[in-house]
Amino acid sequence: MGHTFGLDDFYDWTPTGQCCFLMKAGTATQITDFDKWMFRDWWRHLKNRYGY
C-alpha cells in the first residue's frame, strides 16, 4: 500500500536508527511509528508543492 502513496522502497539501505517498517519488505507485519512518520513527511511535501 505504501507504493500507492509514493513511499520509497528500502532494499539497498536502511535509515539510521530504524530496523523494521512496512516499506522494508519482510521486517514488519503492522504499521510502525516510522511508517507514520514517512507518510506524514510525504504529505508535508505534497501540501507544500501543490497547496493541499
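1. Helices (H or I, at least four residues) and strands (E, at least two) are DSSP runs, numbered from the N terminus. The chain as a whole comes to one helix and zero strands.

2. A word on the model itself, before the details. The model is predicted, so local features need pLDDT of at least 70 and side-chain atom pairs count only at pLDDT 80 or more, while totals for chains, interfaces and linings use all residues. Residues are numbered from 1 along each chain as its sequence is written, and side-chain values use heavy atoms, with hydrogens and water left out.

3. Now the overall picture. Along the principal axes, the C-alpha atoms of the chain fill a box of roughly 35 × 20 × 20 Å. Of the 52 residues, 21% count as buried (buried means under 20% relative accessible area, exposed over 50%, partly exposed in between, with a 1.4 Å probe and protein chains only). Contact means heavy atoms within 4.5 Å; among contacts between residues at least 6 apart in sequence, 17% join residues at least 24 apart.

4. Next, the core. A nonpolar core is a set of buried Ala, Val, Leu, Ile, Met, Phe, Trp, Tyr and Cys residues joined through side-chain atoms within 4.5 Å. The largest one here has six residues: Leu7, Phe10, Phe21, Met23, Phe34 and Met38. Take a look at Phe21, which, leaving out residues up to four places away in sequence, touches Phe10, Thr14, Pro15, Thr27, Ala28, Thr32, Phe34, Asp35 and Met38.

5. Beyond its neighbours within four places in sequence, Thr32 is in contact with Cys20 and Phe21.

6. There are pockets to explore too. On a 1 Å grid over the protein atoms alone, a pocket is an open set of points where a 1.4 Å probe fits, with protein on both sides within 12 Å along at least five of seven lines; lining residues have an atom within 4 Å of a point. The largest pocket has a volume of about 220 Å³ (the space filled by probe spheres set on the points, which are joined across faces, edges and corners). Of its 10 lining residues, Phe5, Leu7, Leu22, Ile31 and Asp35 are the closest to the centre.

7. The second largest pocket holds about 160 Å³ of space. Its lining is made of Gly6, Leu7, Asp8, Phe10, Pro15, Phe34, Trp37, Met38, Asp41 and Trp42.

8. On to charges. Side chains of opposite charge can pair when their charged atoms come close. The structure holds two salt bridges, each defined as a side-chain nitrogen of Lys or Arg within 4 Å of a carboxyl oxygen of Asp or Glu. Lys36 pairs with Asp33 at 3.9 Å, N to O; both lie in helix α1 (residues 33–50), three residues apart, about one turn of the helix. Lys36 is partly exposed because its relative accessibility is 43%, whereas Asp33, at 60%, counts as exposed.

9. The other pair is Arg44 and Asp41, at 2.5 Å, N to O. These two are three residues apart in helix α1, so about one helical turn separates them. Arg44 counts as partly exposed, at 48% relative accessibility.

10. Finally, back to Asn48. At 67% relative accessibility, Asn48 counts as exposed. From Lys36, Asn48 is 12 residues away in sequence and 18 Å away in space, C-alpha to C-alpha.
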